[in-house]
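Have a look at the model first, then work along.

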Amino acid sequence: MTSAALRSGAWKLLEMITTPLLPSDYLDLVSPLRAGADLRGRIEAVHPETGDAATIVIRPGRGWRGHTAGQYVRIGVDVDGRRLWRAYSITSPTNRQDGRVTITVKAIPDGKVSNHLVHRAKPGTLVQLDQPTGDFVLPKAQPAKVLYLTAGSGITPVMGMLRDVEFDDVVMVHCAPQPQDVIFRNELHDLVADEKLRLTEVHTDTDGVLDIARLDELVPDWADRETWACGPAGLLDAAEEFWSEHGVEERLHTERFRPSIVVAGDGGEVTFSATGKTVDADGATPLLDVGEEAGVLMPSGCRMGICFGCVTPLRAGAVRDLRTGEITEAEPGVLIQTCVSAAAGTCDIER
Ligand code: FES
C-alpha cells in the first residue's frame with residue numbers, strides 16, 4: 001500500500017470516529033489558523049481611533065497570500081449568530097514585521113458588522129477571511145507628484161498607501177466633520193511635521209462640504225498630480241466630473257465603498273423561496289441586505305456590483321438595478337446581482 005493510500009485510509013477511519021463532526025472540525029478547535037484550513041484570522045487587538053472608528057489587528061492564518069497597499073479584504077464575522085461578510089481596506093503596510101494585518105472600521109448607523117467590530121469585537125475572536133483584492137493600488141513606476149483626496153473612512157486605503165510607500169511630493173486633502181473625526185489624525189500630523197506630507201483638512205461641520213473647484217486654490221497643481229480619491233459617492237462623482245472637464249481623467253483613480261444608488265422605486269414583497277421566508281422590502285434597499293436582515297444565507301462579495309459573488313436566480317417578479325434604474329423581469333435562467341438590485345414589486349429570489 002502506498003503512503004498516500006495509507007494516509008487516505010487513516011483519514012477515513014478518523015472520519016468514522018469523529019462523526020458527526022469531521023476531523024477538520026476538531027483541528028479547527030486546536031489550530032484554526034493552520035495551513036489547509038479555510039482562511040481565517042484571529043483578532044488580536046482593537047484600537048479605538050475616533051469615537052466611531054477602530055483599528056482591528058488580525059493575525060491571518062497560514063494561507064494568507066499578502067496584500068498590495070490600497071487593497072481590501074472580505075471578512076466574515078458572526079454577529080448575533082449569523083455569519084455576515086463585509087469588505088474593509090487594509091491599513092497596515094505590506095512589510096509589517098509581525099505578520100499581522102490591520103483593517104480600520106468606521107461604525108456606520110445601522111451597520112451591523114461595523115458597529116460590532118468597532119464597539120464589541122474582542123481579542124481572541126476568530127473571523128473568516130478572503131484573500132485581499134482590489135485594483136485601487138499604486139503603480140509600479142512612482143509618480144513624481146501625488147494627491148490623495150479622501151473623506152471620512154475613505155482615508156483607510158490611502159493610509160495603507162501612505163504607510164507603505166514614501167513619495168517625494170505628496171499632498172492630501174481630507175474631509176471630516178470635525179478635527180476629532182479625522183481618523184489617524186496624530187499620525188498624519190507627524191508625517192506633516194516630518195515634511196513627508198502636505199495636508200489640508202476640510203472640516204465639513206464648519207467649512208461645509210468640499211466644493212471640488214476649491215482644489216484650484218488648495219492644490220493649484222492638482223491636474224499634474226496622480227490622484228487617488230476615496231470617499232462618499234458625492235465627492236467621487238464631483239471629482240470624476242472635474243477631472244474629466246479638465247481632460248485629465250486618466251490621472252484620477254477612485255475607490256467606492258458602496259455603489260452610487262441613482263434610482264429607487266417602489267418596493268414589494270420579497271420571497272426567498274429556498275429558505276421559505278417572505279418580507280416586505282422598500283425599493284431602495286439592496287436585496288442582499290434584505291435577505292441578510294431576514295436571516296437568509298446570501299452569498300456576497302464586494303457589495304458594489306463588481307465581483308458577481310452575489311448572483312442569484314430571480315424566480316418570479318421583477319427587480320430594479322439601483323445604479324441604472326433598469327428593470328429585470330424573471331424568466332428561466334435570469335440571474336441578478338442582489339447587492340445592487342432592489343425589489344420592483346413582488347418578487348421571488350432563489351435563496
Ligand atoms: S457582491 Fe460583488 S457584485 Fe454583488
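**Exercise 1.** Find out whether Trp228 is buried or exposed, then identify its ring partner.

*Solution.* Start with accessibility: Trp228 has 1% relative accessibility, so Trp228 counts as buried (under 20% relative accessible area; exposed is over 50% and partly exposed in between, with a 1.4 Å probe and protein chains only). Next, the ring partner is Tyr148, at 6.4 Å centre to centre and 55° between the planes, a tilted pair. Rings of Phe, Tyr and Trp (its six-membered ring) pair if their centres lie within 6.5 Å; planes under 30 degrees apart are stacked, over 60 edge-to-face and the rest tilted. Tyr148 is buried too, at 0% relative accessible area. Strands (E, at least two residues) and helices (H or I, at least four) are DSSP runs, numbered from the N terminus.

A note before going on: this is a predicted model, where local features need pLDDT of at least 70, side-chain atom pairs count only at pLDDT 80 or more, and totals for chains, interfaces and linings use all residues. Residues are numbered from 1 along each chain as its sequence is written, and side-chain values use heavy atoms, leaving out hydrogens and water.

**Exercise 2.** Which residues of helix α3 are buried, and what covers them?

*Solution.* First, within α3 (residues 112-120), the buried residues are Val113, Ser114, His116, Leu117 and Val118. Then look for contacts (heavy atoms within 4.5 Å): the cover includes strands β1 (40-50), β2 (53-60), β3 (72-79), β4 (82-89) and β5 (101-106).
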